[in-house]
Amino acid sequence: MNTTLAIKKPLITVYILCHNYGRYLSQAVDSVLAQSFVDWELIIVNDGSQDGTGVVMEHYLSLYPEKMRSITHPDALGLQISANQALELARGKYIIRLDADDYLDESALLVLSSYLDEHPNVALVYPNFIYI
């Protein structure tokens, strides 16, 4: 008898890259937590931040270890390397990047994933945005 439980893969991986944007990170993470669609995982990449990014990240990771994972770089490696590492770690069928100084509407993941589910010939969707 196999007693190993398979880890369920989420439908959506959200990843946040953060370099010295700790003052905004809580709002970005909270917007993911507030989603009406719940089949997601969140990956936070701390790219060598010298501000409070690490403290904010660790706070959320301690509260939601089943939903969140992280990557920490002691020194900044840049957007391309950080994004590629997040993509390698991602388990979702769909992937969305959320900048650390942005946030999602509470129905964003539901709307975007529903559209992709209903249109299998579509490979990419992009939401509307509002400058604040």
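**Notebook: a walk through a predicted model**

I began with Val14, which I found in strand 1. Strands (E, at least two residues) and helices (H or I, at least four) are DSSP runs, numbered from the N terminus. Before going on, I noted that this is a predicted model, where local features need pLDDT of at least 70, side-chain atom pairs count only at pLDDT 80 or more, and totals for chains, interfaces and linings use all residues. I also noted that residues are numbered from 1 along each chain as its sequence is written, and that side-chain values use heavy atoms, with hydrogens and water left out.

**Entry 1: Val14**

Is Val14 buried or exposed? I looked up its relative accessibility, and at 0% Val14 counts as buried. My cut-offs were under 20% relative accessible area for buried, over 50% for exposed, and partly exposed in between (1.4 Å probe, protein chains only). Leaving out residues up to four places away in sequence, Val14 touches Val32, Glu41, Leu42, Ile43, Ile96, Leu98 and Leu109. A contact here means heavy atoms within 4.5 Å. I also checked Asp99: Val14 and Asp99 are 85 residues apart in sequence, and their C-alpha atoms are 10 Å apart in space.

**Entry 2: two serines**

Next I turned to Ser82, which lies in helix 3 (residues 79-89). Ser82 is buried, at a relative accessible area of 2%. Which backbone oxygen lies 2.8 Å from a polar atom of the Ser82 side chain? I found that of Gly78. For a polar contact I used a pair of N or O atoms within 3.5 Å; within protein, one must be able to donate a hydrogen and the other to accept it, and residues adjacent in sequence count only if both atoms are side-chain atoms. Setting aside neighbours within four places in sequence, I saw Ser82 in contact with Leu17, Val45, Asp47 and His73.

Ser113 sits in helix 4 and counts as buried at 3% relative accessibility. A polar atom of its side chain lies 3.4 Å from the backbone oxygen of Leu110. Not counting residues up to four places away in sequence, Ser113 touches Leu11, Ile12, Phe37 and Tyr94.

**Entry 3: rings and loops**

How many aromatic pairs does the structure hold? I found 1. The ring centres of Tyr21 and Tyr24 are 5.4 Å apart and the planes are at 65 degrees, so the pair is edge-to-face. Rings of Phe, Tyr and Trp (its six-membered ring) pair if their centres lie within 6.5 Å, with planes under 30 degrees apart called stacked, over 60 edge-to-face and the rest tilted. Tyr21 is partly exposed at 32%, and Tyr24 is partly exposed at 31%.

Ala100 counts as buried at 3% relative accessibility. Its contacts, not counting residues up to four places away in sequence, include Tyr21, Tyr24, Leu25 and Ala28.

I looked up Asn20 too, in the loop between strand 1 and helix 1 (22-33). Its phi is near 60 degrees, a positive value in a residue other than glycine. Asn20 is partly exposed, with a relative accessible area of 25%.
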